[in-house]
Amino acid sequence: MQALYLLALSPVAETKGDPNSYGFRIERSTADAMAQLFVCLSAKVSARWVLDADIEGFFDNINHEWLIRNVPTDTRVLRQWLKAGVIHRGQLHATDAGTPQGGIISPTLANLALDGLESLLKQHLGVTRAKKLKVNVVRYADDFVITGASFEVLEKEVKPWIEHFLAVRGLRLSPKKTRIVHIDEGFNFLGWNFRKYDGTLLIKPNKKNIKAFYGKIKEVIDTHKTSKQEDLIRLLNPILRGWALYHQPVVAKQAYSRMDNRVFLKLWRWAKRRHPNKSLEWIRKKYFRPQGDRGWVFATTVLDTDGTTREIELYSLAGTPIERHKKISGEYNPYDTAMEAMGEKLRMARMLNKLKYRKQISSLYASQKGLCALCKQPITRETGWNDHHIIYRSQGGGDSLENRVLLHPDCHHQLHARGLYVSKPAPSGVLDRLEP
């Protein structure tokens with residue numbers, strides 16, 4: 001039932017959402033929040049002070065009556081969800097405040113509770129004055145930072161307003177975790193550290209994130225002391241790759257190299273423990289192999305079900321290329337058909353370097369025999385192409401290949417501007433069979 005109500009509530013939440021709110025919203029991510037902060041803080045004339053805010057017990061303390069009065073949905077059903085209670089260790093606990101964590105609609109309710117933090121603050125200060133004071137709000141779910149030209153602006157004008165805004169919703173800032181810092185001192189946000197070094201803003205994985213990640217790797221290795229090498233590699237690779245890709249848009253090369261070294265030392269101890277009576281050279285040859293310019297690669301040979309052998313190796317963090325993230329426009333609304341082309345272009349630009357997506361493009365290209373689905377002229381590297389959804393995503397269209405075609409960029413623009421329509425090309429041989 002929550003999923004059904006969310007289908008109606010999500011477009012409302014997207015339309016009312018603050019431009020720089022990035023948590024639990026379609027096509028928005030932590031990387032977008034990071035990129036927006038880079039825009040706000042990187043220039044020489046950018047704001048130098050930051051209110052690093054933390055809301056105390058956010059999901060547990062949102063005022064129910066405020067939600068019932070302000071969330072545009074069936075209030076009777078919403079009240080039932082909020083007051084349903086939680087069963088913990090076999091006992092029913094009343095829920096007098098907050099939204100149930102894990103509920104499919106809870107992230108949207110939480111966003112609706114904080115929407116206006118940016119727009120109403122700028123309205124309170126005056127749009128022109130807010131710009132002069134370099135006040136910018138960047139929020140991801142309940143985590144947010146606010147930039148300002150001076151300590152006094154954030155302490156005496158912005159923070160009191162924020163405290164009143166939250167109090168109306170049953171919330172308050174954490175006195176211990178909320179602080180106002182200079183950009184030269186730096187602050188942590190979403191797993192990254194933002195800090196200026198001699199006037200240059202550098203965004204790096206923060207120490208807490210690195211420590212937590214290594215703890216996870218260490219736990220996997222320690223709990224699989226007797227596992228096969230190939231099984232350990234298969235367990236570690238998704239964790240290593242996920243962490244590397246999360247930090248791919250920031251200054252992470254040094255962190256990658258250091259973590260590779262720590263993981264290597266941990267695996268070396270894992271290997272030595274298994275063979276206490278073998279020489280170090282024997283252990284090295286059994287578990288580590290040279291690969292290109294790398295001499296100690298944790299790798300092994302595995303036998304596939306078809307009888308062929310292949311080599312699998314541990315994912316190299318240092319081999320992950322650093323790539324600048326293409327930020328979504330703050331005004332983007334996935335339910336606005338006028339922004340459909342913007343969304344398609346952004347999605348294609350973000351995914352073009354992914355192997356899976358390149359295979360999809362190749363498949364679409366082959367199915368269209370290399371021709372644009374609108375003008376039927378060849379698509380080449382020189383002409384370029386856009387990935388178009390036949391049934392718009394804003395109207396419920398999916399990302400399957402059956403709902404996508406390739407168009408020339410100009411044809412794509414004309415299609416959206418003039419309200420044209422294209423259909424999926426018939427598979428090869430179908431037209432021949434239909435002829436009398």
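In helix 15, the buried residues, where buried means under 20% relative accessible area with a 1.4 Å probe and protein chains only, are Tyr357, Gln360, Ile361 and Leu364. Seen down the axis of helix 15, these buried residues fall within an arc of 100 degrees, so they line one face of the helix; the arc is that of the directions from the helix axis to the C-beta atoms. An α-helix has 3.6 residues a turn, so residues three or four places apart point the same way. On the other side of helix 15, Leu355, Lys359 and Ala366 are exposed, a word kept for residues over 50% relative accessible area, with partly exposed in between.

The model is a predicted one, in which local features need pLDDT of at least 70 and side-chain atom pairs count only at pLDDT 80 or more, while totals for chains, interfaces and linings use all residues. Residues are numbered from 1 along each chain as its sequence is written, and side-chain values use heavy atoms, with hydrogens and water left out. Helices (H or I, at least four residues) and strands (E, at least two) are DSSP runs, numbered from the N terminus, and the protein has 17 helices and 14 strands. Of its 436 residues, 44% are buried, and the C-alpha atoms fill a box of roughly 75 × 65 × 55 Å, taken along the principal axes. Contact means heavy atoms within 4.5 Å, and among contacts between residues at least 6 apart in sequence, 64% join residues at least 24 apart.

Returning to helix 15, its 13 residues reach 19 Å from the first C-alpha to the last, close to the 18 Å expected at 1.5 Å a residue, where the expected span is 1.5 Å times one less than the number of residues. The buried residues of this helix pack against helix 14 (340-351), strand 13 and strand 14 (404-407). Gln368 lies in the loop between helix 15 (355-367) and strand 13 (386-389), and Gln368 is buried, with a relative accessible area of 5%. A polar atom of the Gln368 side chain lies 2.8 Å from the backbone oxygen of Leu371. Leaving aside neighbours within four places in sequence, Gln368 is in contact with Ala373, Ile379, Val405, Leu406 and Pro425. Helix 15 is also followed by Lys369, whose phi is positive, near 55 degrees.

Positive phi values can be followed to two other loops. Ala141 is not a glycine, yet it has a positive phi of about 55 degrees; Ala141 is found in the loop between strand 4 (136-140) and strand 5 (143-148). Asp198, also a residue other than glycine, has a positive phi near 55 degrees, and it is found in the loop between strand 8 (192-197) and strand 9 (200-205).

Leaving aside neighbours within four places in sequence, Ile146 is in contact with residues including Trp49, Val50, Leu51, Leu121 and Val135. Ile146 and Cys40 are 106 residues apart in sequence and 9.9 Å apart in space, C-alpha to C-alpha. Gly186 is found in the loop between strand 6 (179-182) and strand 7 (187-189), and at 3% relative accessibility Gly186 counts as buried. From Gly186 to Arg48 there are 138 residues in sequence and 10.0 Å in space, C-alpha to C-alpha.

The last stop is a pair of helices. Two packed helices are described by the angle between their axes and the distance between the axes. The axes of helix 12 (residues 253-274) and helix 13 (residues 280-287) come within 10 Å and cross at roughly 115 degrees; axes are lines fitted to C-alpha atoms, for helices over the stretch in contact, and angles run from 0 to 180 degrees between N-to-C directions. Trp268, Trp270, Ala271, Lys272 and Arg274 in helix 12 meet Leu280, Ile283, Arg284 and Tyr287 in helix 13. At 1.5 Å a residue, the 22 residues of helix 12 should span 32 Å, which agrees with its end C-alpha atoms being 32 Å apart. The buried residues of helix 12 include Ala255, Tyr256, Met259 and Val263, and among the elements that cover its buried residues are strand 9, helix 10 (207-222), helix 11 (229-246) and helix 13.

Technical notes: Polar contact = N/O pair within 3.5 Å; in protein donor to acceptor, adjacent residues only side chain to side chain.
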